[in-house]
Amino acid sequence: MGFAIAVILSYLIGSISFSYLIAKRLAGIDIRSHGSGNAGATNTLRVLGKGPGIVVLVLDALKGLAAMGIAHWITGGDPVAYAFAGIFAIVGHNWPIFFGFRGGKGIATTLGVALGLSPLAFLIAAVITVIVIAITRYVSLGSLVFVTLLPVLLWFLTDHPIYPLVSLLITVFAYIRHSSNIVNLVQGKERKLGDKSQRTPLQ
């Protein structure tokens, strides 16, 4: 019973779309109708600027951590519930019940989940990801690098085998949500970080 309550709450927490709410508040727009059409931190950055983009990134990451913390409390520290809470927070972000199941790609929430699973694995993957993005300026490529490294790092750095196994689902979700980005990367059409062509009058 505790497990079911934990994952349901995690999904509902994940379904809070901060990019949508902040874009509505600051610019009166539906973020999903601008830029890439994605309700996430990167599109918020491109459409509204650095400040709102960073705020969305932090809040979306905190959703994952909050969901896992609540699951830990409800289940008395069950590692399976703890890990699956992170998964369901990402599912909620990607397919939010409060916003017509049209959400983001889950990377910011994944950052929070990764931090909750293993701070060291998170740090290593994050540093490599930042380097990749700095060199290529492709956020999507950096995101894919992060979710690819995560299961491998968790396998070597954590004591719970459920963590790397569950993180494989995170990797699958990320690749599915980034399928169009992968095509664009292969074709050389992917937008790079710093492209401000889709900015709203707010900026």
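A salt bridge here is a side-chain nitrogen of Lys or Arg within 4 Å of a carboxyl oxygen of Asp or Glu. Keep that rule in mind for the opening stop of this tour. The structure is a predicted model, in which local features need pLDDT of at least 70 and side-chain atom pairs count only at pLDDT 80 or more, while totals for chains, interfaces and linings use all residues. Residues are numbered from 1 along each chain as its sequence is written, and side-chain values use heavy atoms, with hydrogens and water left out.

**Stop 1: the salt bridges**

Select D60 and K63. These two form a salt bridge, with the closest N and O atoms 3.5 Å apart. Both sit in helix α4, three residues from each other, about one turn of the helix. (Helices are DSSP runs of H or I with at least four residues, numbered from the N terminus.) Are D60 and K63 buried or exposed? D60 counts as buried because its relative accessibility is 0%, and K63 counts as buried at 3%. The cut-offs are under 20% relative accessible area for buried, over 50% for exposed and partly exposed in between, using a 1.4 Å probe and protein chains only.

Now move to D30 and R32. How far apart are their closest N and O atoms? They are 3.0 Å apart, and the two residues form a salt bridge. D30 is buried at 17% relative accessibility, and R32 is buried at 12%. The salt bridge count comes to two.

While helix α4 (residues 50–75) is still in view, click on L62, which belongs to this helix. L62 has 44% relative accessibility, so it counts as partly exposed.

**Stop 2**

Helices α1 (2–14) and α4 each supply at least two residues. Look at I97 as well, in the loop between α5 (79–94) and α6 (107–117). With 42% relative accessibility, I97 counts as partly exposed.

**Stop 3: aromatic pairs**

Five aromatic pairs are found in the structure. Rings of Phe, Tyr and Trp (its six-membered ring) pair if their centres lie within 6.5 Å; planes under 30 degrees apart count as stacked, over 60 as edge-to-face and the rest as tilted.

Select F3 and F84. Their ring centres are 5.9 Å apart and their planes stand at 70°, so this pair is edge-to-face. F3 lies in α1 and F84 in α5, so the pair ties together parts that are 81 residues apart in sequence. F3 is partly exposed at 33% relative accessibility, and F84 is partly exposed at 22%.

Next, select W95 and F173, an edge-to-face pair with 5.9 Å centre to centre and 75° between the planes. W95 is in the loop between α5 and α6 and F173 in helix α9 (residues 162–177), so parts 78 residues apart in sequence are tied together. W95 is partly exposed at 29%, whereas F173 counts as buried at 19%.

**Stop 4: the interior**

Hide the surface and select L117, F146 and I170. These have the most contacts inside the largest nonpolar core, which holds 27 residues. A nonpolar core is a set of buried Ala, Val, Leu, Ile, Met, Phe, Trp, Tyr and Cys residues joined through side-chain atoms within 4.5 Å. The elements giving two or more residues to this core are α1, α4, α5, α6, α7 (119–136), α8 (139–157) and α9. Its largest share, six residues, comes from α5.

Zoom in on I170. Leaving out residues up to four places away in sequence, I170 touches I87, I90, T110, V113, V147 and L150, where contact means heavy atoms within 4.5 Å. A second, separate core of six residues includes A23, I31, V47 and L48.

Finish at T110, in helix α6. T110 is buried, with a relative accessible area of 2%. Beyond its neighbours within four places in sequence, T110 is in contact with I90, F146, V147 and I170.
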